[in-house]
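Let's take a walk through a structure together. Have a look at the picture first, and then read on.

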Amino acid sequence: MWAAAGIRSVEDMITAEGLTKRYGAKTAVDHIDFTVQPGQVTGFLGPNGAGKSTTMRMIVGLDRPSDGRVTVNGGRYAQHRAPLHEVGALLDAKAMHTGRSAYNHLLAMAATHGIDARRVHEVIELTGLGSVAGKRVGGFSLGMGQRLGIAAAMLGDPATLILDEPVNGLDPEGVLWVRQFVRQLAAEGRTVFLSSHLMSEMAQTADHLIVLGRGQIVADAPIADIIAGGTRSRVRVRTPHSSQLADLLARPDVTIMRSEAGVLEITGIEASGIGDLAAEHRLAIHELTPQIASLEEAYMALTADAVEYRTEAIR
Amino acid sequence: MTTITPTTSHSAQRLPARTTSLSFGGVLRSEWIKLRSLRSTVWSYLILVVLALGMALVMSLSYLSGGTDAAGLSKEAQADLIVQGSTFGAYIGQLVVAVLGVLVITGEYSTGMIRSTLGAVPTRLPALAAKAVALFAVTFVVGAVSTVGAFFVTSAVFSDTGVTANLLDPDVILPLLGAGLYLALVALFALGVGTILRSSAGGIATVVGVLLVLPLVLQMIPAEWVQDVLPYVLPNAGYSLFADTSAAADAVPFWENLLIVLGWVGASVAGAAMLLVKRDA
């Protein structure tokens, strides 16, 4: 819940201050502060209903904040002279008329900013839509819709990109394509703000994470820190003396689980400590493996409260 | 299939000069592209033209088969007869442009396109204004061209009987253009209602209700004040933009009728503008 430390420049970044959205009695986004830095991919994680999409919609002015403010590249999105040049947004793969061709959709979007047809052809090539550009959007798969949404976001060659679930509906090749694409955008110095519910995907794409739970920021840190700090490390031990070892390890702060015969999953004590203890009591050990916490586990630990809250709310 | 070709992209030379910006002219061009790139729009306008020509043909033929001696009519009556035949399509055509006007905006809400539209034009009002201008201009042009076309159809049917009218006679050209104007204003009214309701079914039902049901229902209510209200109902005032009602005892001048229609359109579009800015997209 700390603000991201780092160089603060007014240019090319997203800044939220006390940003809040209420729908009647329900608070979807609750006074959040964060900064999305340029030159890196910032992942936006959280369970369904945590307020990710609402936050992104407020950034581009589709939803009006109930309180607080959010600025992009130094000003409110609607105040910019050329919004599409400031921010490219993919908020919904279906934000297009199903009866219009992909080319005409992009042409109409481009026309608002006086962007010429040459750029339309460029973004079509960029997103690999060349063969279907003349076809009506209604017949597009979700993946093609995502590509078209990304093409529209790229029309203004914006310094900041906001992508809500861009890999949703994509095949593995498309997922890889988006990953390389956003990495390159960040390498070019752009600000990339990306939400996804696929933790594994986020682990491979994002540099920094903002985790949202129940409308509040649960974590805002470099991805490596979140993975390291999110869960206590776990050690897997394979030994023919599993019950003896378990007895020796029994302490209030140590959790022991038997995953299969002769295998213990131990939390709360380092691998070295277990090895020393076993050696002391002359117990043979066949395997002693520290388990690296995954982002998925770290995420689950961080958002556990929010998820439990939601389950109760449903009941 | 598609891989990112690593272009020579370094922070130093990254973004090209971005010289273009958001402008009303651009938004208007965008709305024109949107209007012409949907099959449903193109079809609606084609139907409007076919209706105008077809109804003119049917009307004038049925008049002739009635056996009335048309040649004995005065010059004014001849012009009036031809204008009546030429503008008859507008009574049905108004339903076509009503549906079109609603769908122009509710189609964006139902498909999600509205989020792209308002994302590109975050101040929102220019998007609605450009939509209104494009819809009005295209509907007026297509409507006027179709009634002028219908004039030639009607004139051709009547040519054997000696009934003629000069297109450039103000008593002829003004009602023909008036029909186009009425259709364009109905489209605007429908656009406003569609924006307020954000639902295709609700919007179409409401506009058709105002155009067809409201005057009928009011007519059936015997109360005197209801009869006083009748001339202020949208279609009743609107029809006098092209149909000669000066014979009626309580005739309202052309300009007053135009003002009444503009009042309906203004209320609808102003309500739409207010809600568009206020609501979350």
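A handy place to begin is pLDDT, the predictor's confidence in each residue, from 0 to 100. This is a predicted model, in which local features need pLDDT of at least 70, side-chain atom pairs count only at pLDDT 80 or more, and totals for chains, interfaces and linings use all residues. Residues are numbered from 1 along each chain as its sequence is written, while chains are lettered from A and ligands numbered from 1 in the order in which they are written.

For chain A, the mean pLDDT is 86, with 89% of its residues at 70 or more. Where pLDDT is low, the predicted coordinates should not be read in detail.

Now for the architecture. Chain A has 11 helices and 13 strands; these are DSSP runs, numbered from the N terminus (helices are H or I, at least four residues; strands are E, at least two).

Finally, turn to where the chains meet. Two residues are in contact if their C-beta atoms, placed from the backbone, lie within 7 Å. By that rule, 40 residues of chain B are in contact with 44 residues of chain A. On the chain B side, helix 1 (24-36), helix 2 (39-65), helix 4 (89-111) and helix 5 (113-120) each supply at least two of the touching residues.
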